[in-house]
Amino acid sequence: MSDVPENLLITGRREIDILETIANLSNDEVFTPPWLVNKMLDMLEENSPGIFSEPSKTFLDPACKTGIFLREIARRLFEGLKETIPDPEERRRHILEHQIYGIAITELTALMSRRTLYCSKDASGKYSATTMNNSEGNIHFDSNLCHSFNKNGKCINCGAPASLFSDERREGKERFAYEFIHRDIKEIFDMHFDVIIGNPPYQLGNNRANNGANPIFQYFVENAIKCNPGKVVMIIPAKWLGTGVANGLAPFRREMISGNHIKEFHDYLHSKDCFPKDVDIKGGICFFLWDRSYCGDPTIHTHYDLTRETVLKRPFLEKGMETFIRLPEALSLVAKVKRIAKGSFQDILTGQDPFDFATDSFSAPEKYNLVLNVEPFKDCVRILGRTKEDGRLYQFVSKDRIRKGGEFIDCWKIFLPKAVGSGTPENDRVLCEIGEPGDICTETFIAAAPFKNRAEADSVASYIDTRFFHYFLSLTRTTHDCLRRNYAQVPVVPWDRIWSDELLNTYFGLNDAEISLIRSTVWPEGSTEDE
């Protein structure tokens, strides 16, 4: 395919593609650049030779924004059907009337998509590339569709909270009740689709556990598969790959990986390599080909940047592992370290809320009938928390207020933040705190425990402060979360010395290439080490 975009419906080429110049509407509605759409279509065509030369094949974009997927599919069909339907006008009419369909996500994107595909917002008008039976053509949008909330105030289809839509200030704004996941496809288009392809909305609503938003892209993928097409091609955030995924992504991850129908998978470590730099999607971006007739390991393309990639056919989960290792060069290193390690670091960590003290215990103690003192008093414990104004700090609370984690109060422990930086190993640094006997923490932290004495605690703290530790932590992180399960690949070592990267390299017998891999990944030269 040519790198220069062209509109199939109008003869000739454009030096500038208008769809390259449209700004994203919001973080959840990210427009797909034409070059990326064509890369996805190249993948589809390479794995399904002749798919754009068959007049019976049908294509659906369930989340139309600019109409770019539909336009580029139409362009390929227009070329591929030359021999089958020689007459250009007849070919154009057949493609637009019988092969290409879309469901827009907003009224505005419906108009944009029709303009892109039909050259007119009115598909039945005289300026349309072909005169359709109605103004919508095959690009549908239902402006009256609403969410259906359960007794807990959550949409039964997408989980959106009712609070988002009860404010009078939303009058006239979009409802974001996306039709593809709120209605049966048969109610929209009573037909079967061979290919479902697109870039669905990524998030909706507010949720503290997911960096301020509930993921929604997984519903589009799941519904696409339920439609039983031959192929599904979608581009979505890659954070679902991580072991520490939250907000309902774990079942999605399990089903996608265990189904063995993903034939080709493209993993972009940095979202800036796919979308404009002002679009920052933690954990990167991926697109894939799900093939109903395929069962086996995927061919995984790991994109380090736009110029460098590794291609390897391998399972998402290597034998004996519960974590998808995104970097193929890490596989042998993980296997080597696992043979020598004394266990997994996650096994010495407490759960997400070790002592039953909420994150906002310091900023709003009255909310929990909590009395905190800045000075110690009789029968008290010292509690580590955090406020926006003061950062980390200790206060004191009565020991009889402790209802959970009592077995860890009188031992040495290490407190680790539950969220660190951006989720990328280049700059993120876990800054731990040594907890003495009598110390506890709010749920802003998790705790590693128990340790017998200060010497053991110092050993653990020195280990956490190494590149080695952060490298193995990075293997399961796709967001800023540092929950217990994110430490699954971090090995345990003896707590009998002060650790350094040099000692760890010797202890695990790392070679020069493995040492270089860690150093180039974690805090490489020129990076900023930030919490």
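## Sheets and helix packing in a predicted model

In β16, aspartate 439 is the bridge partner of arginine 382. This pair belongs to a predicted model. Strand β12 (residues 380-387) and β16 run parallel and are joined by three bridges. Both strands sit in an open sheet of three strands, ordered β13-β12-β16, with mixed pairing. The edges of this sheet are β13 (391-398) and β16 (439-441); each has a single partner strand, so one side of each is left without a neighbour in the sheet. From one strand to the next, the twist averages 35°.

A second open sheet is built from nine strands in the order β3-β2-β1-β4-β7-β9-β8-β10-β11, again with mixed pairing. Here β3 (139-140) and β11 (309-313) take the edge positions with a single partner strand each, so one side of each has no neighbour in the sheet. Strand β8 (residues 262-268) and strand β10 (residues 299-303) run parallel, joined by five bridges. Opposite tyrosine 268 stands histidine 303 in β10.

| Helix pair | Angle between axes | Axis separation |
|---|---|---|
| α1 and α2 | about 50° | 10 Å |
| α7 and α8 | roughly 40° | within 10 Å |
| α11 and α13 | about 80° | 9 Å |

The axes of α1 and α2 lie 10 Å apart at an angle of about 50°. α1 is therefore oblique to α2. The crossing in which α1 passes α2 is right-handed. From α1, the contact takes in Pro34, Val37, Asn38, Met40, Leu41, Asp42 and Glu45, and from α2 Ile68, Phe69, Arg71, Glu72, Ile73, Arg75 and Arg76. Sorted by class, the contact of α1 with α2 has seven nonpolar, one polar and six charged residues.

Helix α7 (residues 217-226) and helix α8 (residues 249-258) have axes that come within 10 Å and cross at roughly 40°. This angle makes α7 oblique to α8. The crossing of α7 past α8 is left-handed. Phe217, Gln218, Val221, Glu222 and Ile225 in α7 meet Leu249, Phe252 and Met256 in α8. That contact has six nonpolar, one polar and one charged residues.

Helix α11 (residues 467-474) and helix α13 (residues 512-521) pack at about 80°, with axes 9 Å apart. Accordingly, α11 is roughly perpendicular to α13. Arg467, Phe468 and Tyr471 of α11 make the contact with Leu517, Ile518, Arg519 and Thr521 of α13. By class, four nonpolar, one polar and two charged residues take part in the contact of α11 with α13.

The structure also holds 27 aromatic pairs. One of them joins tyrosine 101 and phenylalanine 189: the ring centres are 5.2 Å apart and the planes stand at 70°, so the pair is edge-to-face. Tyrosine 101 lies in strand β2 (residues 100-104), whereas phenylalanine 189 lies in the loop between α6 (185-188) and β4 (195-198), so the pair ties together parts that are 88 residues apart in sequence.

Methods:
Residues are numbered from 1 along each chain as its sequence is written. This is a predicted model: local features need pLDDT of at least 70, side-chain atom pairs count only at pLDDT 80 or more; totals for chains, interfaces and linings use all residues. Side-chain values use heavy atoms; hydrogens and water are left out. Two strands pair if DSSP finds at least two bridges between them. Helices (H or I, at least four residues) and strands (E, at least two) are DSSP runs, numbered from the N terminus. Axes are lines fitted to C-alpha atoms, for helices over the stretch in contact, and angles run from 0 to 180 degrees between N-to-C directions. Angles under 35 degrees count as roughly parallel, over 145 as roughly antiparallel, 65 to 115 as roughly perpendicular and the rest as oblique. A crossing is left-handed if the near helix is turned anticlockwise from the far one by less than a right angle, and right-handed if clockwise. Contact means heavy atoms within 4.5 Å. Ala, Val, Leu, Ile, Met, Phe, Trp, Tyr, Cys and Pro count as nonpolar, Asp, Glu, Lys and Arg as charged, and the others, Gly among them, as polar. Rings of Phe, Tyr and Trp (its six-membered ring) pair if their centres lie within 6.5 Å; planes under 30 degrees apart count as stacked, over 60 as edge-to-face and the rest as tilted.
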